[in-house]
Number of protein chains: 2
Amino acid sequence: MIRADVLVVGAGFAGAVTARLLADAGHSVLIIDRRPHIAGNAYDEYDAHGILIHRYGPHLFHTNSDRVMRWLSRFTDWRFYEHRVLTQVEGQLLPFPINRTTLNRLYGLDLDEAGVAAFLEKVREPRDPIRTSEDLVLSSVGRDLCDKFFRGYTRKQWGLDLAELSAGVAARIPVRTNDDDRYFTDVYQFMPREGYTKLFERMLDHPHIQIRLETDFRDIDRHIARRHTVYTGPIDEYYDFRFGRLPYRSLRFEHQHFADREWFQPVAQINYPNDHDYTRITEFKHATGQRHTGTSIVREYPQSEGDPYYPIPRPENEELYQKYKDLSETEPNITFVGRLAQYRYYNMDQVVAAALKSAEKVKEALRHP
Amino acid sequence: MIRADVLVVGAGFAGAVTARLLADAGHSVLIIDRRPHIAGNAYDEYDAHGILIHRYGPHLFHTNSDRVMRWLSRFTDWRFYEHRVLTQVEGQLLPFPINRTTLNRLYGLDLDEAGVAAFLEKVREPRDPIRTSEDLVLSSVGRDLCDKFFRGYTRKQWGLDLAELSAGVAARIPVRTNDDDRYFTDVYQFMPREGYTKLFERMLDHPHIQIRLETDFRDIDRHIARRHTVYTGPIDEYYDFRFGRLPYRSLRFEHQHFADREWFQPVAQINYPNDHDYTRITEFKHATGQRHTGTSIVREYPQSEGDPYYPIPRPENEELYQKYKDLSETEPNITFVGRLAQYRYYNMDQVVAAALKSAEKVKEALRHP
């Protein structure tokens with residue numbers, strides 16, 4: 001029997017942040033992960049050719065939260081990096097999200113900002129109410145742009161038509177009348193200077209934290225005497241799928257290295273809404289700032305089978321999740337936090353914020369047993 | 001005769017930023033400095049004991065400008081660092097700027113935020129109009145706090161009484177009713193990860209930039225064939241003091257190393273408004289994040305003689321500066337920019353912004369000769 005104040009299941013952002021905050025408060029923490037490494041999907045590593053890659057696809061850090069930025073800065077320095085994305089449409093590489101440049105180049109126009117606003121006003125197809133992502137996109141940019149930039153990408157990414165997805169998904173993507181071609185507009189847009197794995201190593205380097213990798217919760221559950229469990233895996237799996245399976249979208253990654261080519265593409269990410277089976281190609285060096293005579297890229301092939309990556313934002317899934325959530329709230333000694341445990345399409349900073357918040361509650365609970 | 005499109009006088013922020021922007025635009029630039037190093041007063045170096053110090057006193061970078069942050073990030077990674085200052089008053093080390101903690105500890109109170117606001121309302125001595133720094137401080141915190149925190153420091157720093165200084169000087173310092181003990185509240189508060197000198201080295205590392213150190217403008221002026229001059233030294237010196245000398249405050253630095261002590265003080269900066277001849281002690285490791293078994297500090301002794309550091313914000317000085325400025329505007333082929341050339345108490349980010357702006361104008365001027 002192993003003893004710890006808290007067992008944390010999963011060593012991604014949700015688990016690692018929780019573990020560190022509780023350890024800082026004096027609690028002993030055992031953190032486990034199924035995989036042979038920490039850092040969850042944010043895990044990065046040097047590939048066989050010496051290029052820092054993100055094994056599970058690109059992770060670009062951005063936040064508006066002072067608190068999250070300050071907290072993570074205990075464990076890393078930063079590289080200022082503003083993510084830029086191009087989308088291949090009809091043989092052209094165009095800025096995405098759609099902005100003034102996108103429209104002028106796609107349609108051979110020379111609109112100023114007011115012209116862009118007027119153009120969008122003309123092409124948009126207002127829908128009321130706005131329930132699905134299709135409603136939202138059509139209302140905002142009309143059918144032609146919807147079909148060229150959104151529909152195909154969504155079909156690949158989610159295996160669903162835009163009309164089958166909640167409006168919240170497309171709401172992540174703005175449309176701009178100016179030339180701003182940044183993918184994110186958060187105040188803080190930085191990459192951890194030595195990568196995410198190093199950040200996690202420092203976060204978990206604490207005398208009160210023990211780490212066990214390649215360890216499944218089911219196998220170890222009975223052998224850990226503890227006061228509290230923080231579970232960051234899929235909540236439906238924790239409850240043995242008793243209400244049914246929560247659908248997740250998965251990904252297959254195809255990594256490739258070019259030894260004789262310094263750069264593969266002009267920006268870190270190119271989207272392919274209409275061509276190929278992959279959604280996008282990411283070239284890591286743009287984001288990490290690494291200099292190397294070769295370069296490494298990853299192609300992402302969305303699929304339904306495999307590790308759970310994305311909760312699928314549809315009302316019936318949310319309803320099913322709520323059943324699990326209601327059940328979980330009847331248990332005082334376990335906390336569910338993170339993208340999988342809360343079935344939310346969280347960004348990294350949102351996971352950190354959620355973990356900081358829930359860890360405070362756990363601290364409180366441990367203080368008053 | 002040396003040829004360059006542009007001669008830049010001074011290799012501090014104003015000069016180096018200008019040089020780089022013009023070089024990026026394809027112009028050849030010769031940049032000179034009297035000192036044996038680049039980076040102006042931001043120059044940092046490893047001392048004999050291996051600690052990264054700021055030879056000319058602490059430089060803490062902070063800005064609200066996306067543009068400045070993005071531009072400088074081409075040349076450096078960043079360490080998140082929020083500057084905190086304590087002030088020694090009556091034997092206690094109290095947060096500065098004055099906040100809730102400061103007042104509660106100084107007066108043995110237990111005020112909440114509303115209590116602090118009420119307290120300040122009671123002690124403040126409203127002045128109308130507010131012309132001097134004394135007017136401003138008395139109006140904001142009253143006489144006791146003014147005398148304990150501001151008057152002595154100002155006397156040392158400027159060699160003047162608060163009543164002799166423009167209100168703008170004290171306006172740099174806020175008063176807070178909450179517990180925020182950060183010295184700055186800018187969105188971006190970061191230190192260049194490998195220091196300022198490295199940042200400058202990268203900024204000036206460009207095929208179109210030539211650097212000459214230990215070179216005085218007067219000695220080289222006639223030997224440089226150029227189309228434009230960017231002057232970042234004292235504007236009164238450029239004009240041979242023809243309207244009289246602009247007063248600057250200077251500093252003497254007393255550096256000290258402790259080999260057997262990991263830390264000298266709890267935060268990077270402690271102010272001594274009422275004791276000692278120095279205004280403050282800065283311990284560099286807090287700001288740079290360097291780990292070392294020893295530590296290095298600097299004491300600052302303001303003085304009237306020596307290298308010009310601070311323009312002295314008084315109306316008659318501003319008037320005198322305006323004469324030089326008016327004169328300078330009659331000359332089409334020279335641009336004055338920076339703390340000394342514009343006689344402004346600029347922070348680093350403001351200098352960078354001013355240099356970016358003025359370099360754009362120089363570019364324009366070179367395009368239409």
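How many residues of domain 1 of chain A are in contact with domain 2 of chain A, and how many residues of domain 2 take part?

1. Please keep in mind that this is a predicted model. In chain A, the domain assignment gives domain 1 as 2-38 + 204-246 + 312-367, while domain 2 covers 85-171. To answer the opening question, 5 residues of domain 1 of chain A are in contact with 6 residues of domain 2 of chain A.

2. The interface between these domains comes next. Domain 1 of chain A and domain 2 of chain A bury about 500 Å² between them, and 65% of that area is on carbon and sulfur atoms. On the side of domain 1 of chain A, Ile312(A), Pro313(A) and Arg314(A) lose the most area to domain 2 of chain A; together they account for 78% of what that side buries. Taken over C-alpha atoms, the centres of the two domains are 37 Å apart.

3. By class, the side of domain 1 of chain A that touches domain 2 of chain A has 4 nonpolar residues, no polar ones and 1 charged residue.

4. Leaving aside residues up to four places away in sequence, Phe13(A) touches Ala42(A), Leu72(A), Tyr196(A), Phe200(A), Met348(A), Val351(A) and Val352(A).

5. Side chains of opposite charge can pair when their charged atoms come close. Over all chains, a search of the whole structure finds 65 salt bridges. In one of them, Asp135(A) pairs with Arg127(A), with the closest N and O atoms 3.3 Å apart. Asp135(A) counts as buried because its relative accessibility is 10%, under the 20% cut-off. Arg127(A), at 31% relative accessibility, counts as partly exposed.

6. Two further pairs are worth a look. Asp180(A) and Arg182(A) meet in a salt bridge at 2.9 Å, N to O, and both residues are buried. In chain B, the side chains of Glu316(B) and Arg314(B) form a salt bridge at 3.4 Å, N to O. Glu316(B) is partly exposed at 39% relative accessibility, and Arg314(B) is partly exposed at 22%. Salt bridges with shared partners also join Arg70(A), Glu82(B), Arg84(B), Asp180(B), Asp181(B) and Arg182(B) into one network.

Key
Residues are numbered from 1 along each chain as its sequence is written. Chains are lettered from A and ligands numbered from 1 in the order in which they are written. This is a predicted model: local features need pLDDT of at least 70, side-chain atom pairs count only at pLDDT 80 or more; totals for chains, interfaces and linings use all residues. Side-chain values use heavy atoms; hydrogens and water are left out. Domain bounds come from an automatic or database domain assignment. Contact means heavy atoms within 4.5 Å. Buried area is the accessible area (1.4 Å probe) that two parts lose on being put together, summed over both. Ala, Val, Leu, Ile, Met, Phe, Trp, Tyr, Cys and Pro count as nonpolar, Asp, Glu, Lys and Arg as charged, and the others, Gly among them, as polar. A salt bridge is a side-chain nitrogen of Lys or Arg within 4 Å of a carboxyl oxygen of Asp or Glu. Buried means under 20% relative accessible area, exposed over 50%, partly exposed in between (1.4 Å probe, protein chains only).
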